[in-house]
Amino acid sequence: MDLEQLRAACEARIEALGLPHRFSTRDLRDAVAEHRGRPIILRPLSTLGAMDAPCGIRLETPDADLLFYEEATSPLHQNHILAHEISHIICDHPGSLELDQDSLRAIGFNPTLVQRMSGRTSYTSEDEREAEVMASVIRQLMYRGREGPSSRPASGAESWDALFAKPHRKKRHRK
């Protein structure tokens, strides 16, 4: 499936959830949980920058879906991680991450309850690619129609907002 077809498929899946025009990560989580008939529980994860450690994990159990997200990153990145992991649920991906029983216990989980598990470390598989495109679509839809950055940021030209603002033109006064 090419990127355009993949994006269209992702948009259709999000549309099927019946979310309002403006929705939050919480609205998304609640809609997916209702669709699946079980709760989605969010938990922070501390990978402490470990090499090849996932910054997000999805655990599926008979009673709930648990989404773990890296706690030592920005809120914007955390929201993207959560959108990515919830995308695995929306797409009904089988999961490909394998953690040993000691690692599962270390994050406070009973290994015998895990049915499927995904971890966000790379995007080489089709499922990871689809989840990443879906997460990007989700984040774009969440922010559609929202106000853009100020054309006159308080902090001047070095402000992050100034990088995306429309150029401000000075009016010339006639004398």
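Helix H3 has 16 residues, which at 1.5 Å a residue should span 22 Å; the C-alpha atoms at its ends lie 22 Å apart, in agreement with that expectation. The model is predicted. Twelve of the 16 residues of H3 are buried, so the helix is largely enclosed by the rest of the structure. The protein chain as a whole has six helices and four strands, and buried residues account for 37% of its 175 residues.

**Helix H3**

- The buried residues of H3 are Gln78, His80, Ile81, Leu82, Ala83, His84, Glu85, Ile86, Ser87, His88, Ile89 and Ile90.
- Just after H3, Asp92 adopts a positive phi of about 55°.

**Packing of H3 against H5**

- In general, a pair of packed helices is described by the angle between their axes and the distance between those axes.
- For H3 and H5 the packing angle is about 120°, and the axes are 8 Å apart.
- The crossing of H3 past H5 is right-handed.
- On the H3 side, the contact involves Leu76, Asn79, His80, Ala83, His84, Ile86, Ser87, His88 and Ile90.
- On the H5 side, Asp127, Glu128, Ala131, Glu132, Met134, Ala135, Ser136, Ile138, Arg139 and Tyr143 take part.

**Packing of H3 against H2**

- H2 and H3 pack at about 15°, with 11 Å between their axes.
- The two helices H2 and H3 are therefore roughly parallel to each other.
- H2 and H3 form a left-handed crossing.
- From H2, the residues Thr25, Leu28, Arg29, Val32 and Arg36 meet Asn79, Ile86, Ile89 and Ile90 of H3.

**Nonpolar cores**

- Nonpolar side chains tend to be buried together in soluble globular proteins.
- The largest nonpolar core here contains 28 residues, and Ile14, Leu28, Ile86, Ile90 and Ile138 have the most contacts inside it.
- At least two residues of this core come from each of helix H1 (3-16), helix H2 (25-36), strand S3 (65-70), helix H3 (75-90) and helix H5 (126-143).
- With seven residues, H5 gives the most to this core.
- Another core lies apart from it and has six residues, including Ile57, Leu59, Ala64 and Phe68.
- Leaving aside residues up to four places away in sequence, Ile14 touches Leu19, Phe23, Ile90, Met134, Ile138 and Leu141.

**Asp30**

- Asp30 is located in helix H2.
- Its relative accessibility is 39%, so Asp30 counts as partly exposed, a class that lies between the 20% limit for buried and the 50% limit for exposed.
- Asp30 and Leu19 are separated by eleven residues in sequence and by 9.9 Å in space, C-alpha to C-alpha.

**Chain overview**

- Along the sequence, the secondary structure of the protein chain follows the pattern α-α-β-β-β-α-α-β-α-α.
- Of the contacts in the protein chain between residues at least 6 apart in sequence, 66% join residues at least 24 apart.

Note on methods. Residues are numbered from 1 along each chain as its sequence is written. This is a predicted model: local features need pLDDT of at least 70, side-chain atom pairs count only at pLDDT 80 or more; totals for chains, interfaces and linings use all residues. Side-chain values use heavy atoms; hydrogens and water are left out. A nonpolar core is a set of buried Ala, Val, Leu, Ile, Met, Phe, Trp, Tyr and Cys residues joined through side-chain atoms within 4.5 Å. Buried means under 20% relative accessible area, exposed over 50%, partly exposed in between (1.4 Å probe, protein chains only). Contact means heavy atoms within 4.5 Å. The expected span of a helix is 1.5 Å times one less than its number of residues. Axes are lines fitted to C-alpha atoms, for helices over the stretch in contact, and angles run from 0 to 180 degrees between N-to-C directions. A crossing is left-handed if the near helix is turned anticlockwise from the far one by less than a right angle, and right-handed if clockwise. Angles under 35 degrees count as roughly parallel, over 145 as roughly antiparallel, 65 to 115 as roughly perpendicular and the rest as oblique.
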